[in-house]
Amino acid sequence: MPEPTLVYDDDCGFCTWWADYFDERTDLRVIGFEDLPDYPEVRERLPEYYEECSHLVTDERVYSCGASIEEALRRYDSGGPVGSALRFLRNFEDYERVREWGYRQVADNRDKWGRVMSKTPPARQKGSSDADDADDAGADANTDDER
């Protein structure tokens, strides 16, 4: 695998916002679920029910759900305050359980979070030449109906 890859739900405006955030600030390759057929080397490493959450695929392992976001955040700021906070939190026995609970709470309420931060998902942009203009104007920030 040539580079670490974040795989996300590209039919979700909230997920797209975060995917773009990491794409602009890390060395991660970002691939939406819809584009996975173009990346069989990534798809074959994902769990059977991969569409249930995001994943970060490296040569060494596959991070899923909360672990994928934690690893993306670590890569974003390994030497800064985020990296320090993650190192601190990993000292607690219940950290992984709480991390995954938090991920699930956010994932299950993406429609609400999408009202605060959202972008037009790539899966909804195909065939629409005005989608980029809508993103630039912020027109979709409060209209996303994520799954």
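Here are a few questions and answers about the predicted model above.

User: How many helices and strands does the protein have?
Analyst: Welcome! This is a predicted model, where local features need pLDDT of at least 70 and side-chain atom pairs count only at pLDDT 80 or more, while totals for chains, interfaces and linings use all residues. Residues are numbered from 1 along each chain as its sequence is written, and side-chain values use heavy atoms, with hydrogens and water left out. Helices (H or I, at least four residues) and strands (E, at least two) are DSSP runs, numbered from the N terminus. The protein has 8 helices and 4 strands.

User: Are the residues on the two faces of strand S1 buried or exposed?
Analyst: In a regular strand the side chains alternate between the two faces of the sheet. S1 (residues 5-8) has Thr5 and Val7 on one side and Leu6 and Tyr8 on the other. Buried means under 20% relative accessible area and exposed over 50%, with partly exposed in between (1.4 Å probe, protein chains only). Both faces of S1 are covered, and these four residues are all buried.

User: Which residue in S2 is the bridge partner of Leu6?
Analyst: Strands pair if DSSP finds at least two bridges between them. S1 and S2 (residues 29-32) pair in the parallel sense over 4 bridges. In S2, Leu6 has as its bridge partner Val30.

User: Is H3 roughly parallel or roughly perpendicular to H5?
Analyst: The axes of H3 (residues 66-76) and H5 (residues 95-107), lines fitted to C-alpha atoms over the stretch in contact, come within 8 Å and cross at roughly 100°. Angles run from 0 to 180 degrees between N-to-C directions; under 35 degrees counts as roughly parallel, over 145 as roughly antiparallel, 65 to 115 as roughly perpendicular and the rest as oblique. H3 is therefore, relative to H5, roughly perpendicular.
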